[in-house]
Amino acid sequence: MKDAVIYARVSSKDQEREGYSIPAQRKTLMEYAPKIGSQIVREFVDVETAKCAGREQFGEMIAFLRNNPQCRIVIVEKTDRLYRNFRDYLTLEDLGIEIHLAKEGQIINKDSKSQAKFMHGIQVLMARNYIDNLREEVCKGMREKAEQGIYPSRPPLGYRNNKLERTIEIDPEKAPIARRLFELYATGTHSLSSLRKTIAAEFGCFYAKGYLQKMLKNPFYTGLFVWQGKTYQGTHTPLVSSQLFQTVQDVFQGHNRPKYGKHQFAFSGMLHCAYDNCRITAEIKKNRYTYYRCTGHRGPCELPYFREEEIGDRLGKILHDIHIPNNILAQLENALLSDKGDAEANRKEQGERLQQRLTSVRHRIDQAYTDKLDGKITEELWTRKAIEWQAEEQQILLSLQGLEQRRPDQVLNGIRILELANKAYFLYLKQDSAEKAKLLRIVLSNCSIDAVSVYPTYRKPFDLIFQRVKTKEWCARRDSNSRPSGS
């Protein structure tokens with residue numbers, strides 16, 4: 001029998017209540033292993049919470065697999081139980097691990113068909129998208145709180161959170177310090193350094209100059225607050241008047257030299273020099289031509305000057321290199337939609353099974369209660385069994401609730417990514433330099449350039465798409481199945 005390890009993970013108690021519990025996962029994996037002729041040599045379990053970040057057991061599993069080359073099989077319940085990002089995916093791929101997804105019925109290894117690997121990569125992306133969607137939901141809740149006038153974070157010096165009433169109130173110990181800071185700086189006779197020393201002498205508190213500057217510019221003290229770039233009227237009590245706050249801002253303007261705006265160059269911040277890894281900067285020549293060059297921070301550089309138009313043409317080839325042909329796009333979209341249909345059918349089947357279990361449990365409770373009334377069973381037996389059945393009923397109801405919750409349409413997101421890869425180059429040709437740069441920033445995280453070539457670093461999952469375009473591994477003629485090769 002082949003050696004294998006199993007990996008189980010839950011990220012919160014909510015998931016545990018929804019049927020993702022560690023015992024449930026272990027049972028599924030233990031039953032799966034004999035079916036593939038494998039013996040379990042190690043178990044790795046991660047329980048993630050908000051207070052404990054990271055996956056210690058996942059790291060130990062990777063170390064075990066590196067040190068035990070005879071064990072090349074990892075059994076896991078589903079894709080999103082194993083991966084949190086593409087780095088995890090690539091780590092296991094580099095080790096040559098055979099991944100068994102017990103519930104999804106998939107086996108991914110080095111001999112898998114290229115399209116199966118590609119679809120698996122898309123599923124990893126979808127798992128990542130689900131995590132991002134949860135983060136967006138949290139942000140949405142905080143934004144709703146801000147719209148109600150409640151600052152959704154820790155308040156600044158002079159205020160404190162009232163956990164019982166879920167409000168922000170004035171801190172009687174720190175509020176005098178905050179008021180004094182505004183009063184002193186409004187006189188115009190203090191710099192941040194002298195203000196820091198004065199407060200230290202009066203109150204015995206030491207604050208960094210950067211902290212004081214941020215505090216004195218914070219409109220929170222006037223009853224307003226800024227959240228995600230938008231100003232809201234808060235429900236908290238102001239510590240200083242609007243007139244005093246404006247006086248402080250005027251003092252800051254007087255202390256600071258005027259700042260001159262910089263010209264916005266389309267491709268600035270996107271490029272590095274391939275010779276010395278310095279940034280590529282831009283400048284205007286003859287008041288009309290934009291040139292890009294190496295900053296030369298590490299000494300003289302061989303990189304020549306490039307006109308913005310030339311840079312744009314060279315960067316456009318990067319988008320051409322991720323172009324998915326129309327016929328392949330149609331195949332991949334059909335595969336994603338087919339997977340979605342299978343998932344919906346599986347979800348419906350699970351719901352029907354749960355409903356049958358729920359009906360059975362409730363029938364047992366009703367029948368046992370009738371037997372108790374008829375004296376066929378004792379009160380003690382009824383009480384004990386009723387507690388067990390009611391607990392089972394609650395578990396089934398929670399599982400049904402989890403199935404009914406609306407999930408983000410990950411298939412739609414996957415299709416949009418594929419369509420972007422299909423159309424990006426043609427969209428790029430029609431745009432001006434600024435719009436071209438926006439499109440490139442969606443696809444690229446960085447890019448190096450030398451006198452001849454451009455070396456892009458693609459964002460996920462466009463790096464995976466680039467590899468498939470380069471090798472054409474998704475074409476039918478490269479599959480092991482004997483099928484027509486197509487045009």
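Between which strand and which helix is Pro461 found?

Mentor: Pro461 lies in the loop that runs from strand S15 (454-458) to helix H16 (462-471). Helices (H or I, at least four residues) and strands (E, at least two) are DSSP runs, numbered from the N terminus. This is a predicted model, in which local features need pLDDT of at least 70 and side-chain atom pairs count only at pLDDT 80 or more, while totals for chains, interfaces and linings use all residues. Residues are numbered from 1 along each chain as its sequence is written, and side-chain values use heavy atoms, with hydrogens and water left out.

The peptide bond leading from Lys460 into Pro461 is cis, with omega near 0 degrees. Most residues other than glycine have a negative phi, and most peptide bonds are trans. Gln228 sits between strands S8 (224-227) and S9 (230-233), and its 49% relative accessibility makes it partly exposed (buried is under 20% relative accessible area, exposed over 50%, partly exposed in between, with a 1.4 Å probe and protein chains only). Asn277 sits between strands S10 (271-273) and S11 (280-285).

Leaving aside residues up to four places away in sequence, Leu315 touches Phe267, Leu271, Tyr428, Leu440, Cys447 and Val454 (contact means heavy atoms within 4.5 Å).

Helices H7 (residues 175-186) and H9 (residues 209-216) have axes that come within 11 Å and cross at roughly 85 degrees. Axes are lines fitted to C-alpha atoms, for helices over the stretch in contact, with angles from 0 to 180 degrees between N-to-C directions. H7 is therefore roughly perpendicular to H9 (under 35 degrees is roughly parallel, over 145 roughly antiparallel, 65 to 115 roughly perpendicular, the rest oblique). Ala178, Leu181, Phe182 and Tyr185 of H7 meet Leu212, Met215 and Leu216 of H9.

Lastly, the structure holds zero disulfides (a disulfide is a pair of cysteine sulfur atoms within 2.5 Å). Cys278 is in none, and its nearest cysteine sulfur, that of Cys294, is 4.5 Å away. Cys278 counts as buried because its relative accessibility is 2%.
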